[in-house]
Amino acid sequence: MMGVEMTERITKNMARNIYFGGGLFAILVFTGLTFDTVKQVPKLSHDDKITESVALGKRVWENNNCVGCHTIMGEGAYYAPELGNAFQRLGGGDEEAFKTYLAGWMAAQPMDTPNRRKMPQFHLTPEQVNNLADFLIWTSRVNNQEWPPNIKG
């Protein structure tokens, strides 16, 4: 005789235990990951460095719908370049050079370059451009886990 044959059926009780056990496991993993993320945010964001100028720069960013064309840290539209790393890319890490570059760039818009997308002229004040620059400098210093994957965004 070959031995006792095992049934290959899963009973309703077994299925219910698998369902609820798996659901409980997923909830515990999700909760643990959420707490871990919340714990790491202050280290990664350097939110203690948000100045009034940075906050006003974010307001300039939002009021002019910059995210409607640009991405910042991977979020937004992909019509125009990523600006989360603009400080390193365009200013080389020099704050004054970046602010000068950004002021010139904003003043020169829209550029009359054939076959190229046009950025509108927003008529920002020098203070607004400076605040926007401070916001972009602050954003570039957020630990975004090496996003974008290359300097060109």
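Visitor: What makes the pairing of N130 and K99 a polar contact?

Guide: In this predicted model, a polar contact of 3.2 Å joins the side chains of N130 and K99. The cut-off for such a pair of N or O atoms is within 3.5 Å, so 3.2 Å qualifies as a polar contact.

Visitor: Where is N130 found, and which residues does N130 touch beyond those up to four places away in sequence?

Guide: N130 is found in helix α5. Leaving out residues up to four places away, N130 touches S53 and K99.

Visitor: Why is N130 called partly exposed?

Guide: Its relative accessibility is 30%. Buried means under 20% and exposed means over 50%, so N130 at 30% falls in between and counts as partly exposed.

Visitor: K99 came up with N130. What makes K99 and D134 a salt bridge?

Guide: The side chains of K99 and D134 meet at 2.8 Å, N to O. A salt bridge needs a Lys or Arg side-chain nitrogen within 4 Å of an Asp or Glu carboxyl oxygen, so K99 and D134 at 2.8 Å form one. K99 lies in helix α4 and D134 in helix α5, so the pair ties together parts that are 35 residues apart in sequence. Both K99 and D134 are buried.

Visitor: How many salt bridges does the count come to?

Guide: The count comes to four salt bridges. Among them, R141 and E95 meet at 3.1 Å, N to O. This pair links distant parts of the chain, with R141 in the segment after α5 and E95 in helix α4, 46 residues apart. R141 has a relative accessible area of 44% and E95 has 31%.

Visitor: Why is N85 called buried?

Guide: N85 has a relative accessible area of 7%. Buried means under 20%, so N85 is buried. This residue lies in the loop between β2 (75-76) and α3, and a polar contact of 2.4 Å joins the side chains of N85 and R89.

Visitor: Which residues have the most contacts inside the largest nonpolar core?

Guide: They are W61, F98, L102, L132, F135 and L136, in a core of 21 residues. Helices α2 (52-63), α3 (86-91), α4 (95-107) and α5 (126-140) each supply at least two residues of this core, and α5 gives the most, with seven. Setting aside neighbours within four places in sequence, L136 is in contact with W61, I72, L83, F87, F98 and L102.

Visitor: And at the surface, what makes I18 count as exposed?

Guide: Its relative accessibility is 57%. Exposed means over 50%, so I18 is exposed. I18 lies in helix α1 (residues 12-45). Together I10, M14 and I18 make a nonpolar surface patch of about 310 Å².

How values were computed. Residues numbered from 1 in each chain as written. Predicted model: local features only at pLDDT ≥ 70, side-chain atom pairs only at ≥ 80, totals over all residues. Heavy atoms only, no water. Core = buried A, V, L, I, M, F, W, Y, C linked by side-chain atoms within 4.5 Å. Buried < 20%, exposed > 50% of the residue type's maximum accessible area, 1.4 Å probe, protein only. Helix = DSSP H or I, 4+ residues; strand = E, 2+ residues; numbered from the N terminus. Contact = heavy atoms within 4.5 Å. Polar contact = N/O pair within 3.5 Å; in protein donor to acceptor, adjacent residues only side chain to side chain. Patch = residues over 30% accessible without salt bridge, like charges linked within 9 Å, V, L, I, M, F, W, Y side chains within 5 Å. Areas by Shrake-Rupley, 256 points an atom, 1.4 Å probe, with all protein chains shown as cover.
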